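Please read the points below alongside the sequence and the model.

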Amino acid sequence: AGQSKRNNQQQMAKRGEPAVVRNGAIDLRQLQATLSSAVEQDQRYNRENDAKFRAVAQKVQSYEEFENIVKASHIKPMTEDVTNLALGRSAAWNPSGRTRERMKEVDTVTITAPIPVVASTRGAMTDREFVRAWRALGRDAQKKCEMLLNTGAESLAQIFRAEISNGLLGEFLLVLSERKDSTPGDAVLAVLRAMATTGRFGLTLEFLSKAETDAGAAVFAALTELAGKESASFTAADVDACKKSFGL
């Protein structure tokens, strides 16, 4: 029996499987590690499988998009509000020892003024430049709303032509909802229409939280109310058409 047990352990080792029984006793640590590994593999399979079904439902345009969705299935949403982190300067994610020594010699630089919302020197603003300027405004909903409207629907569609990433769509809806009573309805509708034309928009909607979806519904409700006024430059049908593109 002892020889048979040793043979089984040797066969497991050849297959790359950890032996959980050593010298006739169960190695609890190894058993826990083996179970954890198996659970993680099952969870990864389920996440990737769900992502495949979601990609098919979204009718992605190419296999590359399908593959990217599956690869990103393991990414979890951030639980910490990074806009409140006090970052003194940029740093390498995984700096080498030599790099860390050089970084110690650099004085900390603190940003004391918001980054201005201006176009890039190359012409149109890039999505990274927009995100950097947006984050610099912190929690100021008024300034963020002004930034959206000043950028304009046409420029927003160009900036985010590939996709609205970094969870920005939800942030846009929350800001517009908070400022809906003091913002021109025609400008808001134009911005919403522009968002709906961006790449992978249907997939982006899938990642909205309930609060963000409710904020979007509130914005469209306010626009519908404005459409009923004689001074409105858009109709309720215009609002409904845009609302449907948001799945509301």
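1. The model is predicted: local features need pLDDT of at least 70, side-chain atom pairs count only at pLDDT 80 or more, and totals for chains, interfaces and linings use all residues. Residues are numbered from 1 along each chain as its sequence is written, and side-chain values use heavy atoms, with hydrogens and water left out.

2. Seven aromatic pairs are present in the structure (rings of Phe, Tyr and Trp, the last by its six-membered ring, with centres within 6.5 Å; planes under 30 degrees apart are stacked, over 60 edge-to-face, the rest tilted). Phe 130 and Phe 172 form an edge-to-face pair, because their ring centres are 6.0 Å apart and their planes stand at 85 degrees. This pair joins distant parts of the chain, with Phe 130 in helix H5 (residues 127-136) and Phe 172 in helix H8 (residues 168-178), 42 residues apart (helices are DSSP runs of H or I, at least four residues, numbered from the N terminus).

3. Phe 130 is buried at 0% relative accessibility, and Phe 172 is buried at 1% (buried means under 20% relative accessible area, with a 1.4 Å probe and protein chains only).

4. The rings of Phe 160 and Phe 172 are also edge-to-face, since their centres are 6.0 Å apart and their planes are at 65 degrees. Phe 160 is buried, with a relative accessible area of 2%.

5. Ring pairs join Phe 130, Trp 134, Phe 160 and Phe 172 into a cluster.

How values were computed:
Helix = DSSP H or I, 4+ residues; strand = E, 2+ residues; numbered from the N terminus. Buried < 20%, exposed > 50% of the residue type's maximum accessible area, 1.4 Å probe, protein only.
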